[in-house]
Each structure stands twice: as C-alpha cells, then as structure tokens.
Amino acid sequence: MTPDAPAPGAISTGATAPDASAPSATATGRAVAVLLAAGAGTRLGRGPKALLPHRGRTLVEHLTGVLAAGGCDDVVVVLGADAPRVAATTDLGRARVVVNEHWATGMASSLRVGVAAALDDHDDHDGNDGHDVPRVTRVVVAHVDQPGVAPDDVARLLGAHRPGRVTVSRWADAPVPDAARPGWSHPLVLDATLASPAAASAAGDVGARAYLRAHADLIDVVVHPGDGRDVDTAADLDLLA
C-alpha cells in the first residue's frame, strides 16, 4: 500500500458516506452478479480464461462461487469463446449461463448481454412457491480473470452501496494508474436504474469507462486489501497457484 492510500475497507465518496451500522435501503431488493467470462485469453495463449485451473476448480467455477458467497442472490455467467466446451466441462450450480455470440468484438458486447439477462425479470414476480420475488435493485459486474477477489470483497461492496449510485473497487496494493486509466477497478455495483445506460455506452474492451467518468459524482469507492490483479499474461500465472 502506498503511504497515502486509504485503509482497506475505507469508503471515499463525493457525498456523505453511508452509515455502516444502518440497514441498507436496498436490502429488500435482489443483487444479481454478471460474471464476464467470454474472452479467448489470446494474450495468455492457454485457451479461454474461464477454464484456467485455480485451487482444484476452473476460474469460472471459482468466481461464480465467490459472487454467491459474497451475497449476490443470482449470478449470470456470460460465455463466448468456446462456450459449448466451457458449459459442458464446468459445474456452475444455479448460475444462469448466457452466450455472447459477438464476444470477439470486445468486453462491451458481453456487458450488454449480461446486464440484459440480469435485468430480465420475467420470472421475478412469481416464485416457484407462488410468492413474489423481490425485484433486482443492484447489478454486480465482475471479471473471471480476477482470482484474488474474495467473498468479503463482494460483501464489502454490497454493504456500502447506496440507491441510485455506483460502488467501485480500489485495491490497496495496486499500482497507481496512469492518467489514461481510471483510479478504480472491478468488481463494481451498479444501481439497477444505471445498469442499462452504462452497458449501452460501453465500447470495445474498455467497458463502461466513459459512462462512469461522465457520472463521477455518482461513484463511491471501496478499498479492498490486496492488488486485485487479473490474469493477462504468463507473468500473472502466479495468481493461479
């Protein structure tokens, strides 16, 4: 951690920080995670990142479990490259699997597919037991190539999130980004009312970065321990140990 970095768990915001002891105003709504797992892993050269081994499982299985354990009510997994093989060789439990047929165009198309599935509430209002199912109020966006994300990190984001806002991650030990990159990272939590416009604005492999920069006043930052590195090249394979 740099000397001036906030402590892990800290929240920085442009408005008054939420009272951590107060119940969340979104507690009655559902949090649905979108796990972006469509990439081919071209730079790494080992096939789809979703199938990389990690602690006796694949990355996509590991991250799906992390999101559920961290408090997400549902997980939508977006597959793309070699999707039939990924789906056939993994056990994703109760997660919903959707396939982005245009995955090669970049992360933006996967974000749009995932957000659309997360907000699709045609089954939300009538559960199997005949009772109403709470509506989706938060969409958590995560990447399959961040094996260091832990359930506590997801829970920390959900606990800090406030209605109508975006809650993003900052990793305490991550290098200071250059001016061309945002000072925040994934996972992040979007209020459900912001998820569609954010996804619609996404382009190429930079996701919704432009949308979030244009709405910086809506962003709250939560600091996690660790560096939040992703697995991009052979130099990052230590993350899979």
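1. Let's start with Arg229. This residue is partly exposed, with a relative accessible area of 27%. (Buried means under 20% relative accessible area, exposed means over 50%, and partly exposed is in between, with a 1.4 Å probe and protein chains only.) Arg229 forms a salt bridge with Asp238, and their closest N and O atoms are 3.0 Å apart. (For a salt bridge, a side-chain nitrogen of Lys or Arg has to be within 4 Å of a carboxyl oxygen of Asp or Glu.) Asp238 counts as partly exposed as well, at 46% relative accessibility.

2. A word on what you're looking at. This is a predicted model, where local features need pLDDT of at least 70 and side-chain atom pairs count only at pLDDT 80 or more, while totals for chains, interfaces and linings use all residues. Residues are numbered from 1 along each chain as its sequence is written, and side-chain values use heavy atoms, with hydrogens and water left out.

3. Now the overall picture. The protein has six helices and ten strands. (These are DSSP runs numbered from the N terminus: helices are H or I with at least four residues, strands are E with at least two.) Of its 241 residues, 47% count as buried. The accessible surface comes to about 11,400 Å², and 54% of that belongs to carbon and sulfur atoms. (Accessible areas come from the Shrake-Rupley method with a 1.4 Å probe; for residues, only the protein chains shown count as cover.) Take the contacts between residues at least 6 apart in sequence: 74% of them join residues at least 24 apart. (Contact means heavy atoms within 4.5 Å.)

4. Back to charges. How many salt bridges does the structure hold? There are seven. In one of them, Asp220 pairs with Arg162, with the closest N and O atoms 3.2 Å apart. Asp220 sits in strand E10 (residues 219-224) and Arg162 in the loop between H4 and strand E8 (166-171), so this pair ties together parts that are 58 residues apart in sequence. Asp220 counts as buried, at 1% relative accessibility, and Arg162 is buried with a relative accessible area of 17%.

5. Asp220 has another partner. Its side chain meets that of Arg165 in a salt bridge (2.8 Å, N to O). This pair also links distant parts of the chain, with Arg165 in the loop between H4 and E8, 55 residues from Asp220. Both Asp220 and Arg165 are buried. Put together, Arg162, Arg165 and Asp220 are linked in a network of salt bridges.

6. Compare that with Asp191, in strand E9 (residues 185-191). Asp191 is buried yet has no salt bridge, and the nearest side chain of opposite charge, Arg135, is 6.9 Å away. (Lys and Arg count as positive, Asp and Glu as negative; His and the chain ends are not counted.) What does the side chain of Asp191 reach at 2.7 Å? It is the backbone nitrogen of Gly164. Leaving aside neighbours within four places in sequence, Asp191 is in contact with Thr137, His161, Pro163, Gly164 and Arg165.

7. Strand E9 has something else to look at. Pro187 is found in this strand, and a cis peptide bond joins His186 and Pro187, with omega about -5 degrees.

8. On to the nonpolar side. In soluble globular proteins, nonpolar side chains tend to be buried together. Here the largest nonpolar core has 35 residues, and Leu35, Val60, Leu67 and Val77 have the most contacts inside it. (A nonpolar core is a set of buried Ala, Val, Leu, Ile, Met, Phe, Trp, Tyr and Cys residues joined through side-chain atoms within 4.5 Å.) H1 gives the most to this core, with five residues. A second, separate core of 31 residues includes Val139, Trp184, Ala198 and Ala199.

9. Leu79, in strand E5, is worth a click. Leu79 is buried, with a relative accessible area of 1%.

10. Asp82 is found in the loop between E5 and H2 and counts as partly exposed, at 38% relative accessibility.

Conventions: Lys, Arg positive; Asp, Glu negative; His and termini not counted. Polar contact = N/O pair within 3.5 Å; in protein donor to acceptor, adjacent residues only side chain to side chain.
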